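Please consult the sequence and the structure shown here.

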Amino acid sequence: RSIWVTGVQTCALPISVDFDSVERGEFVEVSLVSAETSPPADKYHEANFSTPHTSYELHQVPSGLMASIVQRVVQVEGPVHRAEVVVRVRSIWGLQRAGGRIQAAVDAGIAHAIAQNKVEIADRHFLSIPGQEIRVRDRSEVTSLTLRRPDYLPPPEIDTALRLTITENLGASLEELVLCVSRKFGYRSTSLQLREVIEDRVHRLIEAGSFQWRGEHIAMANG
């Protein structure tokens, strides 16, 4: 594939530069980006605690008890994809995979936790604790590789990263937003899927009236 090199893409005042890459179908665009950007995002912490009741096989855990386990996971990792909650729960039990019965048991726990208002749906497939602070988290050192899947990035967290980037830079182009938000999440390269996920959130926030175009740049609507 061809490689195109573009000019400096800054996430803050540039002091030194590094390389970042974006897949664009049949070619890869390599950009220079600031190596010293805005304050780094918090590291993503994965829930890790002892099995609450070793007397139960995972698929036999009552929904009420499973709800408390789900709540503990979401307290640490929310907003988090519900499929990632299943991964974390079976990891706590020391299991390598989750079959249909385990999936059903965790789903029942999630439903129970939601019914008791201990957990809420943050956006379609994502769970959070009511009133939970949305923090942007760096996933570069996570153990669970599914956390780095673009479709597992919580929309509320992407929105927060976009707002931070625009606020820190008093506006940004769409390209700068994609690159800077990718770096906040710990990605060193920007795949087509990741680009699409971030751009989708940008367009949704523009449609919602939170962002607006100002020439070739995007700014806060009330900025």
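## Basis and confidence

This is a predicted model, in which local features need pLDDT of at least 70, side-chain atom pairs count only at pLDDT 80 or more, and totals for chains, interfaces and linings use all residues. Residues are numbered from 1 along each chain as its sequence is written, and side-chain values use heavy atoms, with hydrogens and water left out.

The average pLDDT (the predictor's confidence in each residue, from 0 to 100) of the protein chain is 86, and 81% of the residues score at least 70. Residues 1–10 have a pLDDT below 50, with 31 contacts (heavy atoms within 4.5 Å) beyond near neighbours in sequence.

## Helix H5

Helices are DSSP runs (H or I, at least four residues), numbered from the N terminus. H5 spans residues 174–184, and eleven of its eleven residues are buried, meaning under 20% relative accessible area with a 1.4 Å probe, protein chains only. Among them are the charged residues Glu175, Glu176, Arg183 and Lys184. Gly186, which follows H5, has a positive phi near 95 degrees.

## Packing against H6

H5 packs with helix H6 (residues 192–207) at an angle of about 120 degrees, the axes lying 10 Å apart. Axes are lines fitted to C-alpha atoms, for helices over the stretch in contact, and angles run from 0 to 180 degrees between N-to-C directions.

On the H5 side, the contact is made by Leu174, Glu175, Leu177, Val178, Val181 and Ser182; H6 contributes Leu194, Arg195, Ile198, Glu199 and Val202. These residues divide into seven nonpolar, one polar and three charged, where Ala, Val, Leu, Ile, Met, Phe, Trp, Tyr, Cys and Pro count as nonpolar, Asp, Glu, Lys and Arg as charged, and the others, Gly among them, as polar.

Conventions: Buried means under 20% relative accessible area, exposed over 50%, partly exposed in between (1.4 Å probe, protein chains only). Helices (H or I, at least four residues) and strands (E, at least two) are DSSP runs, numbered from the N terminus.
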